[in-house]
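The model is shown first.

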Amino acid sequence: MSTTTVKAHDTDLNLFAQINTTNHEQVVFCNDNATGLKAIIAIHNTVLGPGLGGTRMWNYKDEAAALKDVLRLSRGMTYKAAISGLNLGGAKAVIIGDASKHKSEALMRKFGRFVENLNGKYITAEDVGTTTKDMEYVNMETDSVVGLPESMGGGGDPSPVTAYGVYMGMKASAKKAYGSDSLKGKKIAIQGIGKVGMHLVELVHKEGAEIYVSDINDISLKHAADNFGAGVVTGNDIYSLGLDIFAPCALGGILNTENINSLNCSIVAGAANNQLAIEDEHGKMIKEKGLLYAPDFLINAGGLINVYSEYIGYNRENAMRDTENIYDTTLSIYNLAEEKGMHTQKAATILAQKRVDDILGVQSTF
Ligand code: NAD
C-alpha cells in the first residue's frame with residue numbers, strides 16, 4: 001500500500017466561508033488509511049437531479065488546491081447540466097494523489113463505497129487521472145457510476161459526442177458571425193488534437209474547412225497533416241494566426257490578457273473546460289475585441305449528454321440528437337448577450353442559473 005502525503009495549506013481552509021461563497025449543498029471528505037484514499041466529493045446543487053460529475057485524480061500541491069478545484073469544477077457541472085436541459089445537478093470528486101503511483105483496485109473500490117453511501121445523490125464518472133477501468137472498480141461497489149464500457153452497457157468513450165457538440169457550437173457561431181453556418185473554406189485552428197480535438201478535425205474536414213493544428217504530440221500532428229491536410233502550427237503562433245475560428249481543445253485557462261490581445265479571428269469555439277483564465281475579465285475583453293465566444297460549458301456538454309443517456313438507458317442516437325440542440329442554445333445565448341450588452345459566458349451562466357431557479361419554484365408545492 002502506498003500512501004499519499006499532502007501538505008495542509010499554511011492558512012486556515014475557511015471551509016464554510018468557501019462553501020457559502022459558492023453556495024454548495026454538501027462537501028464530503030473521504031479518508032481511508034488502508035488504501036491511502038483521500039478524496040473530496042463536492043455536491044454543488046441537486047435542484048434539477050442527482051449531482052453528476054467525474055472523479056479527477058491529481059497530485060495537488062496542497063489540500064487547499066484540491067478543495068478549490070473540486071468546488072470550482074462541481075459548480076461548473078451545475079451550469080453545464082442546466083444549460084443543456086438535463087435533469088441533473090452538479091457535483092465532482094477529486095482524489096488527492098499521483099494516479100500513476102497511488103491508484104489501486106482497492107482505492108477505487110473504497111472510493112466507490114463512499115459514493116454508494118451518498119445513496120444516489122452523487123453519480124461519478126471518469127475524468128483526468130481516472131479511466132474506464134477505474135470506473136469498473138467503482139461499479140463493483142456502487143451503481144452510481146456512468147462512463148462504463150459499451151460491453152458493460154455503458155456509453156463508451158464520450159469524446160466523439162463532445163466533438164459533435166463543439167462542431168454544433170461552431171456552426172451556430174458561424175451563422176451568427178457570417179449569416180451562414182457553412183464551414184466550407186473557413187480557416188479553423190484547433191489547439192490540442194487529443195480525443196476530442198482529432199474528432200473535431202475530422203468533422204470540419206468533411207465540411208471543407210482549411211485546418212490548422214497545434215499539439216505537443218508529434219504523432220497526432222502527423223496524423224492530422226497526413227489524413228486531413230492540416231497545417232501544423234508551433235508554440236504560441238496559433239494565437240496570432242489569421243483565422244475565422246480558433247478552437248481551444250487542450251488546456252483550461254488558456255485565454256488570458258496577452259493572447260486575447262493577439263487573437264486574429266472572428267470566433268473562439270472549443271472543447272476545453274474553463275478556457276477564460278479570469279471569467280468575467282476575459283469574457284468582457286473578448287466581447288470588446290468584437291469576437292464571438294462560444295461558452296465552453298455549453299458547447300462541450302456532449303460528453304455529459306452522452307453519460308446522461310447512459311443514466312436513463314443508453315442510446316447513442318438519442319445522445320447525438322440531444323447534442324444537436326447545442327446549435328440552437330448557442331444562438332439563443334448570442335442573442336441574449338447582444339440584447340443585454342453582456343459577454344456570452346455571463347449570458348450562458350445567467351440562463352443556466354435561471355433554469356435552476358425556475359425548477360426550484362416548480363418543486364415548492366407538494
Ligand atoms: P486529451 O488529453 O485526449 O487531449 C488533449 C490534447 O491536448 C492532447 O493531444 C495533448 O497532447 C494536447 N496538449 C496538451 N498541452 C498542449 C499545449 N500546450 N498545446 C497544444 N496541445 C496540447 O483530452 P480530451 O479528452 O480531448 O479533452 C480536451 C479538452 O476538452 C480538455 O480540456 C477536457 O477537459 C475538455 N473536455 C473533454 C471532454 C471529453 O468528452 N473528452 C468533455 C468535455 C470537456
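How many disulfides does the structure hold? The structure holds zero disulfides, a disulfide being a pair of cysteine sulfur atoms within 2.5 Å. For C249, the nearest cysteine sulfur is that of C265, 13 Å away. C249 is buried at a relative accessible area of 12%, and C265 is buried at 10%. Here buried means under 20% relative accessible area, exposed over 50%, and partly exposed in between (1.4 Å probe, protein chains only).

This is a predicted model, in which local features need pLDDT of at least 70 and side-chain atom pairs count only at pLDDT 80 or more, while totals for chains, interfaces and linings use all residues. Residues are numbered from 1 along each chain as its sequence is written, and side-chain values use heavy atoms, with hydrogens and water left out.

**Salt bridges**

A salt bridge is a side-chain nitrogen of Lys or Arg within 4 Å of a carboxyl oxygen of Asp or Glu; by this rule there are 19.

| Pair | Closest N and O atoms |
|---|---|
| R113 and E141 | 2.9 Å |
| K171 and D181 | 3.8 Å |
| E207 and K171 | 2.9 Å |

K171 is buried, with a relative accessible area of 12%. E207, in the loop between helix 7 (195-206) and strand 8 (210-214), pairs with K171 in helix 6, so parts 36 residues apart in sequence are tied together. E207 is itself buried at 18%, whereas D181 is partly exposed at 24%. A network of salt bridges links R56, D69, R72, K92 and D127.

**Helix 13**

Helices (H or I, at least four residues) and strands (E, at least two) are DSSP runs, numbered from the N terminus. Helix 13 (residues 302-312) is largely enclosed by the rest of the structure, because nine of its 11 residues are buried. Among the buried residues are L304, I305, V307 and Y308. Their cover includes strand 3 (51-52), helix 2 (63-83), helix 6 (159-178) and helix 14. Just after helix 13, G313 has a positive phi of about 120 degrees.

**Second largest pocket**

On a 1 Å grid over the protein atoms alone, a pocket is an open set of points where a 1.4 Å probe fits, with protein on both sides within 12 Å along at least five of seven lines; lining residues have an atom within 4 Å of a point. The second largest pocket holds about 260 Å³ of space. Its lining has 16 residues, with K287, L291, L292, M342 and T344 nearest the centre. Helix 11 (279-288), strand 12 (292-293) and helix 14 (316-340) each supply at least two lining residues.

Terms used: Points joined across faces, edges and corners; volume = space filled by probe spheres on them. Contact = heavy atoms within 4.5 Å.
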